[in-house]
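Subject: Structure handover

Hi there,

Here is the structure I promised to pass on to you. Please have a look at it alongside my notes.

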Amino acid sequence: MGAFIVKQDFRLTGVQTESAFFRFEERNEFDPEPVMDVLRGRRLGVIFRDAIPEDAKKETVARFWSSPGLLRRDGEPSYCIGSYHWNKSTESYLKDAATTADAVLPLLDVPHSPWRSFRSAMAEELARYGASIRIAEHEGEPAGAALIRAWDKEGSFALDPHEDEAQCTDPRQAGFEIQRAADYEICAVNMCVQQGDGGRLVVWNIRPDDDSRTSLGIQHTGFSYPAATLEPFDAIQLDVRSGDVYVFNGRHVHAVDACKGHRTNVSFLMGFVDERTVVTWT
Ligand SMILES: [Fe+2]
């Protein structure tokens, strides 16, 4: 990354959404209905404040930091447990998902697991429409259940501006069902179990088009958008605290701004792949 030179006259183009859409709904307890609105492209995002029980947070954090499966990612400084499909073939992603599953599961199997609560509430809500939610799969092999990450990168962003749609067009993943999610909405689900200072979620009102991605050399990665290219667009800065669960449309460029201490999240991506099926992946 970083070697790509952005031309001076480059202008990021794409879709901007209306102000009625471009906002976060804020709730004090979990409710699957606004999540359905995000999945259906009716609103940008929703945040449920303090929705994760104390014991679940504590146990997730304790298991994360003591896990033998904890990995250091140097390219994009963070600690993580789990796998991600970004920038790899379906085969190597699913292989990673299988290898890391034993480390991921204990973090989801905590008392009052927010991961389980979220999924069972969504399953119940989707059933009202004759639909269901499951982990994505390919030829019988499951995707990752969750990716648990702690950011600690210095600089203006802990996680650089990017979007989650481009990665769903990677030709090395042709035929993988998650690519059909791009026909609907691609939603990022995050459960914050530990939070230092700062580390706000920043979302810009731009869903970049393919021409822009190609010009930036990030056609199938969506990572990253130089800060200067985002200046013309409105942005939302959302304070995130330990215990918050938030879901938003990952087609919009987003980032995590600078934080002190660890910002640890349980996360996955989610989207409809047909009218009756929501799948999740990492
Ligand atoms: Fe993202």
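This is a predicted model: local features need pLDDT of at least 70, side-chain atom pairs count only at pLDDT 80 or more; totals for chains, interfaces and linings use all residues.

Residues are numbered from 1 along each chain as its sequence is written, and side-chain values use heavy atoms, with hydrogens and water left out.

The iron site

His162 (NE2), Asp164 (OD) and His254 (NE2) coordinate the iron ion at 2.2 to 2.4 Å. Donors here are N, O and S atoms within 2.8 Å of the metal (3.2 Å for Na, K and Ca), and water is not among the atoms, so the site may look incomplete. Along the chain the donors follow the spacing H-x1-D-x89-H. Asp164, in the loop between β10 (157-162) and β11 (187-198), and His254, in strand β16 (residues 254-257), are 90 residues apart, so that the pair links distant parts of the chain. Helices (H or I, at least four residues) and strands (E, at least two) are DSSP runs, numbered from the N terminus. Both Asp164 and His254 are buried (under 20% relative accessible area, with exposed over 50% and partly exposed in between; 1.4 Å probe, protein chains only).

The sheets

β10 and β16 belong to an open sheet of four strands, in the order β10-β16-β12-β14 with antiparallel pairing. Two strands pair if DSSP finds at least two bridges between them. At the edges stand β10 and β14 (235-238), each with a single partner strand, so one side of each has no neighbour in the sheet. Between β10 and β16, which run antiparallel, there are three bridges, and Leu159 has Val256 in β16 as its bridge partner.

β11 pairs with two further strands. It is joined to strand β15 (residues 245-249) by five antiparallel bridges, with Val189 partnered by Val247 in β15. With strand β17 (residues 259-274), β11 pairs in the antiparallel sense over 10 bridges, and Ala188 stands opposite Leu269 in β17.

Asn190 also sits in β11 and counts as buried at 9% relative accessibility. Its side chain makes a polar contact of 3.0 Å with the side chain of Asn265. A polar contact is a pair of N or O atoms within 3.5 Å; within protein, one must be able to donate a hydrogen and the other to accept it, and residues adjacent in sequence count only if both atoms are side-chain atoms. Leaving aside neighbours within four places in sequence, the residues in contact with Asn190 (heavy atoms within 4.5 Å) include Tyr246, Phe248 and Val266.

Helix α1 (residues 32-39) is mostly covered, with seven of its eight residues buried; among them are Val35, Met36 and Leu39. Asp31 caps the N-terminal end of α1, with a side-chain oxygen 3.0 Å from the backbone nitrogen of Glu33. After α1 comes Gly41, with a positive phi near 75°.

In helix α3 (residues 90-108) you will find Thr100, which is buried at 16% relative accessible area. The Thr100 side chain reaches the backbone oxygen of Asp96 at 2.8 Å. Apart from neighbours within four places in sequence, Thr100 is in contact with Gly82 and Ser83.

Happy to talk any of this through.

Best wishes
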